Amino acid sequence: MTASDVPQPGARPAADGVLDLRPPKESLRAELCRLGFEYSSADQTGESWRDYQRGVLATFDDSGTSVTLTDVKTNLGRTLTLEELKAVTRIDTMTAAD
């Protein structure tokens with residue numbers, strides 16, 4: 001077995017010739033993508049995602065139950081559950097506000 005044979009978290013096997021690399025619909029990753037975040041990094045404590053335009057860092061662990069969103073200029077943040085994150089339509093920060 002090679003590294004390319006090992007399934008990645010969230011990747012689903014090809015069906016009918018289509019490899020779907022999107023995260024599961026009911027997941028923190030899907031909601032972060034919806035809000036414009038991009039994957040940044042991962043370590044032993046969890047994953048980091050960023051919205052570079054707004055200056056927001058999102059961090060969460062493997063439990064997938066909540067995510068902490070932090071304004072990188074002010075270090076003000078809030079931890080949200082998946083259900084709370086689904087209700088977010090906009091994130092205002094010191095970097096960007098609509």
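**Helix α2 and the rest of the chain**

A: L82 is found in helix α2 (residues 82-86). Helices (H or I, at least four residues) and strands (E, at least two) are DSSP runs, numbered from the N terminus.

Q: What kind of model is this, and how are residues numbered?
A: This is a predicted model, where local features need pLDDT of at least 70 and side-chain atom pairs count only at pLDDT 80 or more, while totals for chains, interfaces and linings use all residues. Residues are numbered from 1 along each chain as its sequence is written, and side-chain values use heavy atoms, with hydrogens and water left out.

Q: Back to L82: buried or exposed?
A: L82 counts as buried, at 15% relative accessibility. Buried means under 20% relative accessible area, exposed over 50%, and partly exposed in between (1.4 Å probe, protein chains only).

Q: What does L82 touch?
A: Not counting residues up to four places away in sequence, L82 touches E26, S27, L28, E31 and T65. Contact means heavy atoms within 4.5 Å.

Q: And where is G64 relative to L82?
A: The two are 18 residues apart along the chain, and their C-alpha atoms are separated by 7.9 Å.

Q: How many helices and strands does the protein chain have?
A: The protein chain has two helices and seven strands. Along the sequence the pattern is β-β-α-β-β-β-β-β-α.

Q: What share of the chain is buried?
A: Of the 98 residues of the protein chain, 31% count as buried.

Q: What about contacts between residues 24 or more positions apart?
A: They account for 28% of the contacts in the protein chain with a separation of 6 or more.

Q: New topic: which strand does β5 pair with?
A: Strand β5 (residues 56-60) is joined to strand β6 (residues 66-71) by four bridges, and the two run antiparallel. Two strands pair if DSSP finds at least two bridges between them. V56 has D71 in β6 as its bridge partner.

Q: What sits between β5 and β6?
A: They form a hairpin with five residues between them, and G64 in the turn has a positive phi of about 70°.

Q: How does β6 go with β7?
A: β6 pairs with strand β7 (residues 77-81) in the antiparallel sense, over five bridges. One of the residues involved is V67, whose bridge partner in β7 is L80. β6 and β7 also form a hairpin, with five residues between them.

Q: What stands out about N75?
A: N75 is not a glycine, although it has a positive phi of about 65°. N75 is found in the loop between β6 and β7.

Q: Is N75 buried or exposed?
A: N75 is exposed, with a relative accessible area of 62%.

Q: And T70, buried or exposed?
A: T70, found in strand β6, counts as buried at 14% relative accessibility. Leaving aside its neighbours within four places in sequence, T70 is in contact with G55, V56, L57, N75, L76 and G77.

Q: How many aromatic pairs are there?
A: A search of the whole structure finds one. Y39 and W49 form that pair, which is edge-to-face, with 6.0 Å centre to centre and 90° between the planes. Rings of Phe, Tyr and Trp (its six-membered ring) pair if their centres lie within 6.5 Å; planes under 30 degrees apart count as stacked, over 60 as edge-to-face and the rest as tilted.

Q: What does the pair tie together?
A: Y39 lies in strand β3 (residues 38-43) and W49 in strand β4 (residues 46-51), so the pair ties together parts that are 10 residues apart in sequence.

Q: How do β3 and β4 pair?
A: They pair in the antiparallel sense over five bridges, and a hairpin joins β3 to β4 through two residues. Y39 stands opposite W49 in β4.
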